[in-house]
Amino acid sequence: RAEIVNAAKDGHLIDIESSANPILDDRGNITGFLAIQRNITERKRAEETIRQSEDRYRDLVENIHDLIGTHDLEGNILTINAAAAKLLGVENGALLKMNLRDLLAPEARGKFGDYLAAIQRDGQASGVMLVQTASGERRIWEYDNTLRTDCINAPIVRALARDVTERKQAEDALRDSEARYRDIFDGVQDAIFVESIDGRILAVNQSACEIYGYSRAEFLAKTVNDLVPKGQQIITVDNG
């Protein structure tokens, strides 16, 4: 039995599954063979299509920077891509013996049961998780996971996450910077205005509100010219 490739009359190739059985005479000697051939061209094409599809999927999953995997309803990891393994500093094979809860920072593990309950109840769960790498580094993952129940023997969770640690750190630093700026901005006794080129008031500090008697909302509906008494010179801006 073998798979072979034969040529038809018009020259096109045919994938053949061929089997041969001996033909015996009365004395048991082989006098020939009975060959049975099945055209498996369409099956081979379908197999090649599936192979190429799986290869593209594997290439995408293994090379994408996002974190992709699956786990069961208890959190046991079933699959995980190379990006996640590299970021965690754990071999892929070792991760497949772990529970997702084991990847969380110790202080975050207490809420893992709530996550599992939500994914079973709602069929999806999204949010932010704090994970701890093999070296002890804390990383922030933003996840959006969904439950799959169709065409499989047991439900699994499709897990898609992205490491947003640097983005979160930048956002926190920006908030701290803005808070410090606001403390200085509102802490001085002089009136401070932020104006556009055409004189619209974009921001004022608390001292300006106290000096002029306007609220911040009232100030933002005015221009600097509105603060000049009627009959006096209007403030203009020379763009040159």
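User: Which residues are linked with E3 in a network of salt bridges?
Analyst: This is a predicted model, where local features need pLDDT of at least 70, side-chain atom pairs count only at pLDDT 80 or more, and totals for chains, interfaces and linings use all residues. Residues are numbered from 1 along each chain as its sequence is written, and side-chain values use heavy atoms, with hydrogens and water left out. A salt bridge is a side-chain nitrogen of Lys or Arg within 4 Å of a carboxyl oxygen of Asp or Glu. Such links join E3 with E17, R38, R43, K44 and E47.

User: How many salt bridges does this rule give?
Analyst: Side chains of opposite charge can pair when their charged atoms come close. Counted by the rule, the salt bridges come to 19.

User: How far apart are the closest N and O atoms of E3 and K44?
Analyst: E3 lies in strand β1 (residues 2–7) and K44 in helix α1 (residues 41–63), 41 residues apart. Helices (H or I, at least four residues) and strands (E, at least two) are DSSP runs, numbered from the N terminus. The closest N and O atoms of the E3 and K44 salt bridge are separated by 3.1 Å.

User: Is R139 buried or exposed?
Analyst: R139 forms a salt bridge with E137, at 2.9 Å between the closest N and O atoms. Buried means under 20% relative accessible area, exposed over 50%, partly exposed in between (1.4 Å probe, protein chains only). E137, at 39%, is partly exposed. R139 has a relative accessible area of 9%, so R139 is buried.
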